Amino acid sequence: MPSRGFTFGHEIREAIGSCEKMILVIGPAALRSAYVDAEYRYAHSNCIPIIPILRSGSYEDSANFIGQIDVLDFRERGRYEEKLRLLIKKLNDEIRIGGALYGVGDLPPFYVERKEALRTVTKTLLANLVNPLLPPLATTISQKDNANKLVTVYGMAGIGKSTLVKGLSYDCEVRSYFPDGLIWIPMGLQPDIATRIADVAVSLGDKLSEYPDVERARIALSRLLKDKAVLIILDDVWDHAHVEPFRVLGDRCRILVTTRSISLQKRIGGTALSLAKLDDDEALALFAHKLSLEVHQLPDIASLRAIIELLGGHTLAISIAAAWLAEHPAKTPSAYLNRLQRGWDGDNPLHDLNLIENDKNLNLELSLGESYYALNSDELRRRFRLLGKFAREATFSRDAAMHLWGENEDDDDLVLLEHASLLTHDTTKDRYYLHNSLHAYAYALLVRNNEFSAAAQRHFDHYATIYGNSGANRNETNHPVIHADFLNIEEALLWGFLHETARSCDLLANIDKYLVLRQSHLVRMNLYEVGLKAARNSSYTLGEANCLFSMGTLYYARDDYPKATDHYQAALTLFQAIQAREGEAECLRSLGNIHKVRDEYDKATEYYQTALAIFRDANAYQGEANCLINLGDILYMRNAYVEAFDLYSKALVLFKTINDGQGQANSLRNLGDVHYWRNEYSQAIERYNEAQLIYQDIGDAQGKADCMNSIGVVYETQDDYETAIFQYEAALVIFDSVHALLSKANCLRNLGDIYRLREDYESAVQRYETALAIYYDLSVRRGEANCLYGLAHIQRLRYEYRAATELYDAALNIYRELEIRQGEADCFRHMAEVSRLCNQYSLAMEYYQTAIPIYRITNDMVGEGNCLRGIGETYRMRNEHEKAFEQFNLALSLFQSAGERIGEIYSLVGLAKLYMGHSTNEISCNYWRQAFKIVDELPSISHLSWVADMRYQYEQACGHAAP
């Protein structure tokens, strides 16, 4: 094999990893080969199908080596052809691949399989669970076991619960039952449950932003897991309440919990399994692994058995003991036993450490004490202690350790601590961590040696320095790196608020965009509140203002506009007092957003323009671009589409300049809105899809759902109601999960419109009324008017003309108050329709003539066409046929120009009715046929009652069935 600079083992792993299946040729020499063992284990851990063939030696030995996999016996030459056919068949069989592993990490380098415990947990976990990759009869698990969907493995700290479950996760039979994945979630003392639930969802391809708090995260996870086969592993649970939100499993999902608490497993229910101490054979195998020997080659097995007994079969304690012997080859097991015995008899240097009860363990203290004091220098012992400053449950990088230790050069001490089993290196992520029990002892040693304050300062300095660039932290591509460090960042912040207030508040502000996209509302609010209190106590005005602003943004996201306004106003006052111009501008822009949501456009414009001037003076391109979008929104709401399009386009250029993905998506979505109102539907959908892809990439679930809602509007306008409903319903699920009340109301109103058009009036009323209640609670006047307008339509269609007029009038008053000309014109038009149906022709004409100039100002050809058609109907009812003919043709021309097919049908029907009952019936029938040709092109309307009325009228006019 030509050398490429890699080790032989690396080359072999690469070769195996590229294969679909592995043929394992077994003989006595292969069974003794470390290389063969490594190759087999590598293939097995990666779920590469293994086909073993026995060429020589004992069948029993080979079966024991590979476990339960069938072995093809090629030892008899007389049956070679038969076995060869079986081999070829196996090679051609369908490949079965197990679920991917998320967050499981490496198995320990000296992993010893605890076969009996592993078998018990596996059987219990898989009981009554059908393997989706195997035929139902192929499973050996009894269907009558009917195990609960939750299994708990409990036992003392360090006994090996997590290692056992990791071993189970790598088992390909287990993984085959969970093809959608096995997801490892570290829990610990005080986990943020919403974020932990979101971690499950992110592993399965969902976005973290859809999981803002526990209740909504639970609902979203329930939907996600409904049809999946997933194993969720909750490692080191301390409180039964932390498990409950995860119990939203589909039929093929399971939860596997590890905990130290005996009482906890009783409270969470399910099936509980106690993990006992290592038995002698398992413990001796661990010693053998660490010492690179076979078990029968171990020296002084009697003393080793005595060590195992003295350490209570405690896995972590024995692992540390074995590592000590491996690092001190000149020392005998009997000598080490004597040292442990002295500790047991009272000479224990760690006995006075201050630890919580669940962390203290005498077995661990004995071996840890020996290994800790056997470290080759005071400096190395100090470095172990310092690792206790990293956050519990957290991983850390080599650079973080070097900074904490005060070293910038290459250092081998991480390797030395790893060899001593005092530290674990997760090579898949190239990060380090301490077992929770070791972390507790390292922390206690740090405090006892009066080194905590200095260590905390260096820990804070490291994270405040590397995450001190707000510009870099805004880049979503950097967020996974921040996320990996977040527990330590959070630890640094909480210490910093008390000791480095200004720098800590600045760090919090610098990671704000990460927090918005990656952390739950609860985590964010807790940090903002603690930061606000610290800033006030130390009179750090900038920090106080930043925290108030961030809290305002959180309230705004919750649609709590009064609280958002209060916090923005308070922040604005502080920013102005210290002349922090960009902060001042952001507050002004945010206040403008609240006025915009409430349809107070003049006030919103005033805030936006003031903010824009400040941003431009500061060359703050992002702020400038956001203001341009906001001002474009106001113009758009006022139907000034050309001016709005220009501002959106300018904003898009600025966002591209600074590589702001969210800003680009917002600009594209707004450009899509303008295309829609220009009747440029294909361009609108193209812009929405471009925006949706960006939102998806950056994890903005609400932005993605807003695009779905907008696409639904386009399809609704084109009378493709089924596609529109699909888009609306998909968007509504996301709006519910992220608690976006305003967007939810808009989506419900759109659904109400569609159900109304489909003549499903009960469903329409339900959507309108639900949306109306939300708009009312949020004081969103435009939304109220839109819902009143929709409800008025339904009353008109039900012939409740008086009620319809009252609702149109109520909507009209709001539209006039808000200066929404489009809504004003629509109300006048429909009030005219009601008046015409009530034979009040003069009043109808007055309303139509009031609406037409407004439609022309807003360039709404469809609205104008509907007015002209209504006037034509009025003239027809008054037998003024020439005037009616003129109005219907004018309307038809406008509808054709606008691509409004329903309007075309109504205009053609109006013309047809003009000629009914006269000698010109053939002209009438010709218009009917043109109308039905369009109906045939619109299958979504063929079942509606007004189409049925058309057919009846055609038959009456033309004497035969409609085409």
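**A buried strand, an open sheet and a helix pair**

Five of the five residues of strand β2 (residues 50-54) are buried, so β2 is largely enclosed by the rest of the structure. This description concerns a predicted model. The burial of β2 applies to both of its faces: Ile50, Pro52 and Leu54 are buried on one side, and Ile51 and Ile53 are buried on the other.

The pairing of β2 can be followed strand by strand. Strand β1 (residues 22-26) runs parallel to β2 and is joined to it by five bridges. Within this pair, Val25 stands opposite Ile53 of β2. Strand β3 (residues 72-73) also pairs with β2 in the parallel sense, here over two bridges.

For the chain as a whole, the secondary structure comes to 47 helices and 11 strands. The protein chain has 963 residues, of which 54% count as buried. Its C-alpha atoms fill a box of roughly 120 × 85 × 60 Å along the principal axes. Among contacts between residues at least 6 apart in sequence, 64% join residues at least 24 apart.

Another part of the fold is an open sheet of six strands, in the order β4-β6-β7-β8-β5-β9 and with parallel pairing. The edges are formed by β4 (101-102) and β9 (271-274); each has a single partner strand, so one side of each is left without a neighbour in the sheet. The partner of β9 is strand β5 (residues 150-154), which runs parallel to β9 and is joined to it by four bridges. In this pairing, Tyr154 stands opposite Ser274 of β9.

Helices pack on this sheet. Helix α6 (residues 115-126) touches β5, β7 (231-237), β8 (254-259) and β9, and its direction makes about 175° with that of β9. Helix α7 (residues 161-169) lies across β4, β5, β6 (182-188), β7 and β8, and runs at about 155° to β8.

Helix α12 (residues 280-291) packs against helix α13 (residues 301-310) at an angle of about 110°, with the two axes 10 Å apart. That angle makes α12 roughly perpendicular to α13. The crossing of the two helices, α12 and α13, is right-handed. On the α12 side the contact is made by Asp280, Ala283, Leu284 and Phe287, and on the α13 side by Ile301, Leu304, Arg305, Ile307 and Ile308. The residues of this contact divide into seven nonpolar and two charged, with no polar ones.

Definitions and conventions
Residues are numbered from 1 along each chain as its sequence is written. This is a predicted model: local features need pLDDT of at least 70, side-chain atom pairs count only at pLDDT 80 or more; totals for chains, interfaces and linings use all residues. Side-chain values use heavy atoms; hydrogens and water are left out. Axes are lines fitted to C-alpha atoms, for helices over the stretch in contact, and angles run from 0 to 180 degrees between N-to-C directions. Angles under 35 degrees count as roughly parallel, over 145 as roughly antiparallel, 65 to 115 as roughly perpendicular and the rest as oblique. A crossing is left-handed if the near helix is turned anticlockwise from the far one by less than a right angle, and right-handed if clockwise. Contact means heavy atoms within 4.5 Å. Ala, Val, Leu, Ile, Met, Phe, Trp, Tyr, Cys and Pro count as nonpolar, Asp, Glu, Lys and Arg as charged, and the others, Gly among them, as polar. Buried means under 20% relative accessible area, exposed over 50%, partly exposed in between (1.4 Å probe, protein chains only). Two strands pair if DSSP finds at least two bridges between them.
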